[in-house]
Amino acid sequence: MKPRILVVEDEPSILDNILYSLETEGFEPHGCATGGAARAALRDGSFALVVLDVGLPDTPGFELCKEIRRGSNLPIIFLTARASEVDRVVGLEICGDDYMVKPF
């Protein structure tokens, strides 16, 4: 069984590239463009990892991370254009497991 990865990214071209890369590496990726869609996916399925954009159109990624953390220890990697040290610290302090800055 392939590990399932939830990718939450609102930029279609970036989402498509990440999903393609994960699939070619043997994962089963599921993509969402909004926090609402991510919540629904998390309710309906189990995932091994969440790759989470900070700047989503409906929910800040930091807030979604906090929601996920209330009920799960699911690993979360932030993927964002926000490169400031403050954002990195916030992301890791709210229990993100890693913080990657675009472009990568």
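Which residue in β5 does T80 stand opposite?

Modeller: T80 stands opposite V101 in β5. Before we go on, this is a predicted model, where local features need pLDDT of at least 70, side-chain atom pairs count only at pLDDT 80 or more, and totals for chains, interfaces and linings use all residues. Residues are numbered from 1 along each chain as its sequence is written, and side-chain values use heavy atoms, with hydrogens and water left out.

Now the strands. β4 covers residues 76-80, runs parallel to β5 and is joined to β5 by four bridges; DSSP has to find at least two bridges before two strands pair. Strands here are DSSP runs of E with at least two residues, while helices are runs of H or I with at least four, all numbered from the N terminus. Zoom out and you get an open sheet of five strands in the order β2-β1-β3-β4-β5, with parallel pairing. β2 (28-32) and β5 are the edges, each pairing on one side only. On average, neighbouring strands are turned by 20° against each other, ignoring direction.

Next, look at what sits on that sheet. Helix α3 packs on it and touches β3 (49-53), β4 and β5, where contact means heavy atoms within 4.5 Å. The direction of α3 makes about 175° with that of β4. Such angles run from 0 to 180 degrees between N-to-C directions, using axes fitted to C-alpha atoms, for helices over the stretch in contact.

α3 (residues 61-71) has a helix partner too: α2 (residues 35-44) packs with α3 at about 15°, their axes 11 Å apart. These two helices are therefore roughly parallel, a label for angles under 35 degrees. On the α2 side the contact is made by G35, A38, R39 and L42, and on the α3 side by L64, E67 and I68.

Two loops are worth a peek. A48 lies in the one between α2 and β3. Skipping neighbours within four places in sequence, A48 touches P3, R4, L74 and P75. A48 and N73 are 25 residues apart in sequence, yet 10 Å apart in space, C-alpha to C-alpha. At 41% relative accessibility, A48 counts as partly exposed, meaning between the cut-offs for buried (under 20%) and exposed (over 50%), with a 1.4 Å probe and protein chains only.

C95 is in the loop between α4 (85-93) and β5 (98-101). C95 has a positive phi of about 85° without being a glycine. Most residues other than glycine have a negative phi. C95 is partly exposed, because its relative accessibility is 41%.

How values were computed: Parallel < 35°, antiparallel > 145°, perpendicular 65-115°, else oblique.
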